[in-house]
Amino acid sequence: MNSQYLIDFDLSKIPVSRSDVLVIGGGIAGLTVAVTVAGELKTRVLAKGNVEQTSTWFAQGGIAVSLAPGDSPEMHYKDTMAAGGGLCDPEAVKVLVEEAAPAVSMLTDMGAEFDKVNGSFHFVREGGHSVARVVHAGDATGNVVSASLVAAAKSRKNIHFTPDTFVLDILESEGRCCGVLAYEQKTGQVEAYLASAVVLAAGGMGQIYDVTTNPLVASGDGLAMAERRGVKLAGLEFIQFHPTALDTKENPRFLISEAIRGEGAHLVNKDGQRFMTDLHPLGELAPRDIVSRAVVDVMEADKADHVFIDARHIGEEKLKKRFPSIWDHCLKAGYDMSKELIPVNPAAHYLIGGIVTDLYGRTSLDGLFASGEVASTGVHGANRLASNSLLEGLVFSRRVGRYLLDNLKAGANVDDVRLRSAANRQAGKSLVSARESLRKMMSEKTGVIRTSEGLKAAAATLKDESHLLDYEYNNPHDWETINMITLARLIVSGALARRQSLGVHLVGS
Ligand SMILES: Cc1cc2nc3c(=O)[nH]c(=O)nc-3n(C[C@H](O)[C@H](O)[C@H](O)COP(=O)(O)OP(=O)(O)OC[C@H]3O[C@@H](n4cnc5c(N)ncnc54)[C@H](O)[C@@H]3O)c2cc1C
């Protein structure tokens, strides 16, 4: 653990704002907490990017909910447990599947419009689901979800949004979280935000890899700041790779949603042959870890950088209608999906582990809550079932909100905090090249298939780089990079400690 704060500060010398609830993050998790509590508790939301720079906004496929005829929470429970490789927390999964329907209703009540056929939801089948269970808004579900939450938040009294604010560290006083230290990106001012409860909803860490579907903000800041305060984290070695990101030089990589395979698209090798049908009874819709491994194996056998999605038989009209964003993006990248094969390969996509929470989002630090991708509620085990993460963000953030409404007194603010940090470290040099080498190294050594030698080499490189943590930096890029190095160490040590393949942690020879 690196217990230092990212920068020196003295609370008596910087502006201090107070609220009842402080939420870090403007994705599905943060906004759901905020709209749940804001009527009664003075709430502030801090985010370093805008709403379009969140994984929530990027989400394509949809939200799993067992509302289709013939489906049930029990079936959703079984599929989630089966995908999780024996590591799911049964209580958490029960909560997830049983509270899914009211959570989705909350969104529709806020105006989210999901696709319908004859007045009922249109359900799609995705990898690992035994039935079609995913509600969606075309292929841009995240846009619709974000927009409805933003509209609901705007209509609530008592919510204060503070965008362009980079949260550096959690503040802790007498064993309790009492707020955060933040940097206003427009003015360069460092400020403290104190609150009776802090909810970390700062999303994932895909940017630690050089091939990822995650937005640029996903540098794992929430996880690293929790680690600096000694908050319990778990399962960081469980990183889900999405098997089908469009093979371009973009960062982030554009995702070709699993829903397209749900509509019948095939995965084929360089000779146009399907390779999933012999490997798993669900074929192309096998759980993601199995598909990602198969894709890597085929790429190796073919000595190629990608495999292909073949969606030609679906036809132009249906492709355009059902997947308008994917159609447009592929066309801009030079591929007509109705006539050509689409080159794809795996990309870091989702962090399964995270800050350990109970069923109300409580962490090991009093006063600190976590929800969304940053949290480890136990619902995903060793492998997340497709479209269960937006759902987790919704269900558990509503629980955090309701817990706060029941247990927090409005106006009971933290008044008497006199924190300072005076480590007096030297100024560090720019970390631009350190970040690039880290991202490359993480992809090479801790990607879809890990080896013991690769992980040991990664650990040695990270040890060599550890001196970088001894300096103080003065800008968001370098703070993010320090957070990434902090997390990379945890990912590598977690992966080294887990010697056997399990779920998305695949150990090769
Ligand atoms: C391309 C793509 C497609 C996906 N499709 C689906 C899907 O179809 N179904 C599904 O269930 N899941 C999907 N997922 C996963 C799902 O979208 C995410 O797990 C989920 O949206 C995470 O929500 P969140 O609120 O936890 O984080 P995010 O939505 O990522 O929000 C994180 C917030 O934290 C803020 N933040 C981060 N660091 C700081 C800091 N230091 N200071 C201040 N603020 C900070 C960011 O600015 C942002 O506002 C997809 C993910 C991607 C990337």
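## The loop holding Pro252

Pro252 sits in the loop between E13 and helix H8 (259-262). Helices (H or I, at least four residues) and strands (E, at least two) are DSSP runs, numbered from the N terminus. The peptide bond joining Asn251 and Pro252 is cis, with omega about -5 degrees. Most peptide bonds are trans.

This is a predicted model: local features need pLDDT of at least 70, side-chain atom pairs count only at pLDDT 80 or more, and totals for chains, interfaces and linings use all residues. Residues are numbered from 1 along each chain as its sequence is written.

## Two asparagines with positive phi

Most residues other than glycine have a negative phi. Asn158 is not a glycine, yet its phi is positive, at about 75 degrees. Asn158 belongs to the loop between H6 and strand E8 (159-162). Asn424 is not a glycine either, and its positive phi is about 50 degrees. The loop of Asn424 runs between strand E20 (420-421) and helix H13 (432-445).

Are these residues buried or exposed? A residue is buried if 20 or more other C-beta atoms lie within 10 Å of its own, exposed if 12 or fewer, and partly exposed in between; C-beta atoms are placed from the backbone. Asn158 counts as partly exposed because it has 17 C-beta neighbours inside 10 Å. Asn424 is exposed, with 7 other C-beta atoms within 10 Å.

## The sheet that includes E13

Strand E13 also takes part in an open sheet. Its 4 strands follow the order E13-E16-E15-E14, and the pairing is antiparallel. Two strands pair if DSSP finds at least two bridges between them. The edge strands, E13 (239-246) and E14 (266-268), each pair on one side only. From one strand to the next, the twist averages 45 degrees. Here axes are lines fitted to C-alpha atoms, for helices over the stretch in contact, and angles run from 0 to 180 degrees between N-to-C directions.

E14 and strand E15 (residues 307-310) run antiparallel and are joined by 3 bridges. Leu267 stands opposite Ile309 in E15.

## A mixed sheet

Another open sheet has 3 strands in the order E12-E17-E19, with mixed pairing. Its edge strands are E12 (233-234) and E19 (375-376). E12 is joined to strand E17 (residues 354-356) by 2 bridges, and the two run antiparallel. Ala234 has Gly354 as its bridge partner in E17.

Strand E2 (residues 16-24) runs parallel to strand E11 (residues 190-200), with 8 bridges joining them. Leu22 has Val198 as its bridge partner in E11. E2 also runs parallel to strand E3 (residues 43-46), through 4 bridges. Val21 stands opposite Thr43 in E3.

The largest nonpolar core has 162 residues. Such a core is a set of buried Ala, Val, Leu, Ile, Met, Phe, Trp, Tyr and Cys residues joined through C-beta atoms within 7 Å. Ile24, Val198, Val199 and Leu200 have the most contacts inside it. Helix H15 (residues 476-497) gives the most to this core, with 10 residues.

## Around the ligand

Which residues come nearest to the ligand? Of the 44 residues around the ligand, they are Gly25, Gly27, Gly61, Gly203 and Gly372. A residue is near a molecule or strand if its C-beta atom, placed from the backbone, lies within 6 Å of it. Elements giving two or more residues to this shell include helix H1 (28-37), strand E9 (165-173) and helix H12 (389-407).

The shell divides into 18 nonpolar, 23 polar and 3 charged residues. Ala, Val, Leu, Ile, Met, Phe, Trp, Tyr, Cys and Pro count as nonpolar, Asp, Glu, Lys and Arg as charged, and the others, Gly among them, as polar.
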